[in-house]
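The sequence and structure are placed here for reference.

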Amino acid sequence: MPADNHTFFAPVTYILTGIPGMEESYVWISIPFCLIYVVTLFGNSLLLFIILTEQSLHEPMYLFVSMLAAVDLLLSTTAVPKMLAVFWFGAGEISFAACLTQLFFIHVSFMAESAILLAMAFDRYVAICDPLRYTIILTKSAIGKVGLAVVTRSFCIIFPIIFLVKQLKFCRTNLLPHTYCEYMVIVQLACNDITVNVWYGVVVAILVIGLDSVLIAVSYGLILRAVFQLPSKDARLKALRTCSSHLCVILMFYTPVFLPIFAHLFRQIPGYSLILLTNLYVLIPPMLNPIIYGMTTKEILKRTINVFHRWCRRSSLLS
């Protein structure tokens with residue numbers, strides 16, 4: 001819109017309105033959201049505790065799983081408590097600085113999770129396609145460098161978003177029709193040209209998320225080719241089992257990501273459904289990741305059972 005038809009202002013606070021059109025259902029929506037958050041905190045904290053305290057789990061695959069758990073804790077803790085405050089108390093007010101901070105950490109977590117999944121795909125590729133060099137390629141030093149690269153890449157991609165948002169001029173309203181501070185929702189409130197903001201978001205989505213998903217697909221294509229060339233059926237099944245948990249996590253992560261994109265393209269669903277879809281990737285993957293790895297990874301499941309046995313013995317002795 002033309003700048004001279006509006007009075008620009010620098011927003012001091014925003015008001016998160018939640019899910020417009022579903023206000024009467026907030027209490028019911030909040031119940032599964034709260035349960036999911038509790039399971040997320042418990043599951044990922046337990047997973048981190050088990051991997052960090054069990055020396056035998058200090059291997060590349062489990063170290064990547066611990067990175068994933070840490071990112072999931074950051075993602076859910078950044079977004080969900082404010083969602084629940086909006087649903088329970090109508091406490092949607094959030095300062096502009098706090099909103100940018102929430103936006104930054106949500107998107108950094110998202111980028112980091114995508115990069116970790118790519119690193120895990122490479123880990124499985126080396127383990128199955130080049131097992132003799134596995135310990136040579138994926139040393140603890142290499143894992144540390146991968147972790148640093150994940151953090152650096154995520155920061156460098158998302159930091160420009162904060163700069164771009166701070167350059168916007170607002171004149172319409174400070175009401176955000178969402179449950180958390182989401183980049184495109186804030187951008188759409190601006191009254192000056194948002195072409196650069198939109199294109200940056202599109203480029204990031206295509207080049208980063210798209211490239212990560214393509215590389216993961218290529219890795220698993222090569223893995224499957226190697227698996228089906230194995231001589232025995234037992235060897236093939238064992239190799240596929242080692243990849244099953246990772247494939248489940250990939251599907252849980254990328255499916256909620258692409259659903260809102262398709263919904264934006266076709267514009268055939270109500271606004272409240274779109275907001276619910278965008279909530280999926282801050283709720284579902286962080287909850288399911290520790291469950292999937294805990295149930296499908298024999299080593300983690302065994303040590304989880306041992307931890308619960310120790311806790312039960314201690315509680316019985318104290319009583």
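The notes below record what I looked up, topic by topic.

**Basis.** I worked from a predicted model, in which local features need pLDDT of at least 70, side-chain atom pairs count only at pLDDT 80 or more, and totals for chains, interfaces and linings use all residues. Residues are numbered from 1 along each chain as its sequence is written, and side-chain values use heavy atoms, with hydrogens and water left out.

**Disulfides.** I searched the whole structure and found 2 disulfides, a disulfide being a pair of cysteine sulfur atoms within 2.5 Å. I noted the pattern 1-3, 2-4, counting bonded cysteines along the chain.

I looked at cysteine 99 and cysteine 181, whose sulfur atoms are 1.9 Å apart in a disulfide. Their link is left-handed, with -120 degrees about the S-S bond. Cysteine 99 belongs to helix H3 (residues 96-129) and cysteine 181 to the loop between strand E3 (175-176) and helix H6 (183-187), so the bond ties together parts 82 residues apart in sequence. For these elements I used DSSP runs numbered from the N terminus, with helices (H or I) of at least four residues and strands (E) of at least two. Cysteine 99 is buried at a relative accessible area of 0%, and cysteine 181 is buried, also at 0%. I took buried as under 20% relative accessible area, exposed as over 50% and partly exposed as in between (1.4 Å probe, protein chains only).

I then turned to cysteine 171 and cysteine 191, which a disulfide joins at an S to S distance of 1.7 Å. The torsion about their S-S bond is about -95 degrees, so this disulfide is left-handed. Cysteine 171 sits in the loop between helix H5 (140-166) and E3, and cysteine 191 in the loop between H6 and helix H7 (195-227), 20 residues apart. Both cysteine 171 and cysteine 191 are buried.

**Other cysteines.** Cysteine 129 is partly exposed, at 30% relative accessibility. For cysteine 248, the closest cysteine sulfur is in cysteine 243, and at 11 Å it is too far for a bond. Cysteine 248 is partly exposed at 35% relative accessibility.

**Sheet.** I traced an open sheet of 3 strands in the order E2-E1-E3, with mixed pairing; strands pair if DSSP finds at least two bridges between them. Strand E2 (93-95) and E3 stand at the edges with a single partner strand each, so one side of each has no neighbour in the sheet. Strand E1 (residues 13-16) runs parallel to E3, and 2 bridges join them. Leucine 16 stands opposite leucine 176 in E3.

**A loop proline.** I located proline 231 in the loop between H7 and helix H8 (233-266). Proline 231 is exposed, at 79% relative accessibility. Its C-alpha atom is separated by 53 Å from that of isoleucine 162, 69 residues apart along the chain.
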